Amino acid sequence: MRILLVEDYELLRDSIALGLREAGFAVDVAAEGATGLWHATSNDYDVIILDLMLPRIDGLSILKELRATGKITHVIILTAKDTLGDRVLGLDSGADDYLIKPFVFAELLARVRALVRRKYDAKSPLLRIADLEIDTTTRSARRDGHDIKLSAREFALIELLAAKAGQVVSRTEIWEHIYEFDSSAESNVVDVFIRHLRKKIERPHLPRLIHTRRGHGYLLGENG
Amino acid sequence: MRSLRTSLVIRTALLLASTLSIAAVSIYFLMRASLISEFDAALLVEARSLSSHVEQSDHEVSLEFEVGQLPDYARIDHPHYFQIWSNDGQSKAKSQSLGDRNLERPRDLTDVPAYNLATLPNGHSGRQTAFQFKPRIEDEASDHTSDEQNLSIVVARDTRQLDSMLGTLAGLLLLVTAATVIGSVATLSHIVAKGLQPLNTLAASIEGVGVADLSERVRIENAPHEMTPVVQRLNGLLNRLNDTLAREKSFTANVAHELRTPLAGLQTALEVCASQPREQKDYQRVIEQCLRATGGMHSMVENLLVLTRADAHQLPVEIESVEISSLVQESWSPFEAMAHGKQLDVEWVGNHASIVQLDREKTTLVLKNLFENAVAHTEKSGWVRTTIVFQDSRMDVTIANNGCKLRPADVAHLFDRFWRGDQARSDAGSHCGLGMSLCKKMMAVLGGSIEAQIDGGVFSVKAIFRTSPGDVPGLVPQTLDTAGDRKRS
């Protein structure tokens, strides 16, 4: 899943980005408002983490501009502004969540995961496709009762396919949700990761779950 | 603690009682003197009347009337008394009321009547008058002048009626005084209570002013004229308190707000770092980042402490001889690398070799802040120009830079604490909106001034330092010929 983090304080920005990446998210970062707005309107993020007091364009202006252009990306406001008025204004301006600094990183992570689930209409952190179980909280996967060891990127890929189970997910969409903006990955990297994922998930005696739709993309489901 | 009402009533009652008592006593004694005077006059009339009826023929003294014919001098109950003596002290006549007793004949009598208190033969107290007189000569044709003798007369009456009257008068005055005092105390108590009612209203109104919210004002309907200034002063005090409270609240909120972001950065960095085992270099990187963050926070806290000390007048000015070139170098050097990195055109105008008397530490603090702002807010390849001019006993330092994004109207807020033209917290701590307010405070402490100007994208700030010439010969400050003393770095 791909996250945009707009935060001007370097230490906080770097730390959140590192924590999110280690949690399996692809993270784009922006240190000021104008760049943040450009990223937010140019890409399809699962969640945007937005500071309010930003250089050049403040967070609320970004949020309003985003909503004005029809973008429905889930937004968490992350700010030092803690008054009731600030919170009401932030939520009324189109934010989906509001977290006050300082915060516990685990809470931010949980809120990000909750918004990702909401985006894909998943009420439970446990996704089940046939005999494949994906726990988005513990970042673990099991099939037929056996644990499957996945890298962060492989988990992100299976999580995206599971979130859109039964639907064809294009290579572009996979790219956009798995890789960061400044990634220098090769163009066939999605196919490579799909191949790795199949090796870990598919079993000869079990039904095939990852299906290829030539010219369209990939589909996760029991019935390909 | 005695109440104002009780105190007022007691004091007024005491004053009233004293005044009335003095008045009553005065009235009593005036009346007493008047009544005694009338009593004595009546005694004298009686005595004169009796003496006019005393005749002398040859050497005999006789009365023209029978003593028994005078009923006042004969009755048993409260009788009048008189007695007449010859010069040799022989009693010539006396009232029937005396019987065998005698009145006491005063010595050294003259023809001027004397009055005095006396104890009458019946044991009652009374007053008597006594004087000498010459009896009427029965045979006026003969010459008896040589035989004419002086007689003495004493007439006395008891003062029962007079005493009774004076007693009644005293009782009446006492009663009136007491009744007046008691009535006055009751009335006064009511009047004072009513008069002090606005104080109770004021107290209730003051009580209505909240501890946390001082926006309420003291109001008294139909306040007496005397209380208007009190209410006005109280509301003035509340205004000042409210302003101070608002400033304190804003200041505390700003401080808390400014610390939240670096705190969040520290906490997140440490949490993420501790979430899994890492290589040594990763820990080292996080530690360095955290140290930079705490350095920024330290800088902000230091600035706040300096401001607080300046507000509390705890920053003494320490004057010393300072060479301007070293002062400028010391202030500029922390930002030289940044200016070089941004490829800024840095221009110096003025005679930096001068030596003047000023507070080195505080002047450096001001210049560092101004240089830091200039370098930080000038875009790449921009310019920064520092001009130093000496005039009389002052040193004007003007630092200007281009690429200013502030509006001219922002100058009004430039020196407010925690104000920033841009809401960014990109470098929390060192750029938290305290620098310019700190400069202004320092300039006030140094007895100088500071002003800023924004014109056509050029920001310039002019700090005017009060100085005196230094004590190094040959390096006396002078007005600069800027054209001849200009350099670039």
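I began with strands β12 and β13 of chain B, which run antiparallel and are joined by eight bridges. I note at the outset that this is a predicted model. Within this pair I looked up one bridge and found that B:T387 has B:T398 in β13(B) as its partner. The two strands form a hairpin with two residues between them, and in its turn I found B:D392 with a positive phi of about 50 degrees.

I then followed β13(B) to its other pairing, with β15(B), which is in the antiparallel sense and also counts eight bridges. Here I read B:I399 as standing opposite B:V461 in β15(B).

Next I turned to helix α7 of chain B, residues 360–377, and checked its length. Its 18 residues, at 1.5 Å a residue, should span 26 Å, and I found its end C-alpha atoms 26 Å apart, which agrees. I listed the buried residues of α7(B), among them B:V366, B:L367, B:L370, B:F371 and B:V375, and the list also includes B:K362, B:T363 and B:N369. What covers these buried residues of α7(B)? I found that the cover includes the helices α6 (324–341) and α8 (435–445) of chain B, together with the strands β11 (355–359), β12 (383–391), β13 (394–401) and β15 (458–466) of chain B.

I looked at another sheet of chain B, an open one of three strands in the order β2-β1-β7, with mixed pairing. I noted that β2 (60–63) and β7 (136–137) of chain B stand at the edges with a single partner strand each, so one side of each is left without a neighbour in the sheet. For the pairing of β1 (residues 54–57) with β7(B), I recorded the parallel sense and two bridges, and I found B:R136 of β7(B) as the bridge partner of B:E55.

For chain B as a whole, I counted eight helices and 17 strands. Of its 489 residues, 26% count as buried. I also noted that, of the contacts in chain B with a separation of 6 or more, 68% are between residues 24 or more positions apart.

I moved on to where the two chains meet, and found 20 residues of chain A in contact with 22 residues of chain B. On the side of chain A that touches chain B, helix α1 (residues 10–22) of chain A supplies the largest share, eight residues. By residue class, I divided this side of chain A into 13 nonpolar, two polar and five charged residues.

In chain A I looked up an open sheet of three strands, β10-β12-β11 in order, with antiparallel pairing. Its edges are β10 (168–169) and β11 (210–213), each with a single partner strand, so one side of each is left without a neighbour in the sheet. I found two bridges between β10(A) and β12 (residues 217–220) of chain A, and A:V169 has A:Y218 as its bridge partner.

Last, I looked for nonpolar cores. The largest has 116 residues, and those with the most contacts inside it are A:I3, A:I49 and A:L50. Helix α6 (residues 152–163) of chain A gives the most to this core, with eight residues. Leaving aside neighbours within four places in sequence, I found A:I49 in contact with A:I3, A:L5, A:V6, A:I16, A:I76 and A:L78. Apart from this core I noted another, of 20 residues, among them B:L70, B:Y81, B:L120 and B:L151.

How values were computed: Residues numbered from 1 in each chain as written. Chains lettered and ligands numbered in written order. Predicted model: local features only at pLDDT ≥ 70, side-chain atom pairs only at ≥ 80, totals over all residues. Helix = DSSP H or I, 4+ residues; strand = E, 2+ residues; numbered from the N terminus. Buried ≥ 20, exposed ≤ 12 C-beta atoms within 10 Å, placed from the backbone. Contact = placed C-beta atoms within 7 Å. Pairing = 2+ DSSP bridges. Expected span 1.5 Å × (residues − 1). Nonpolar A, V, L, I, M, F, W, Y, C, P; charged D, E, K, R; others polar. Core = buried A, V, L, I, M, F, W, Y, C linked by C-beta atoms within 7 Å.
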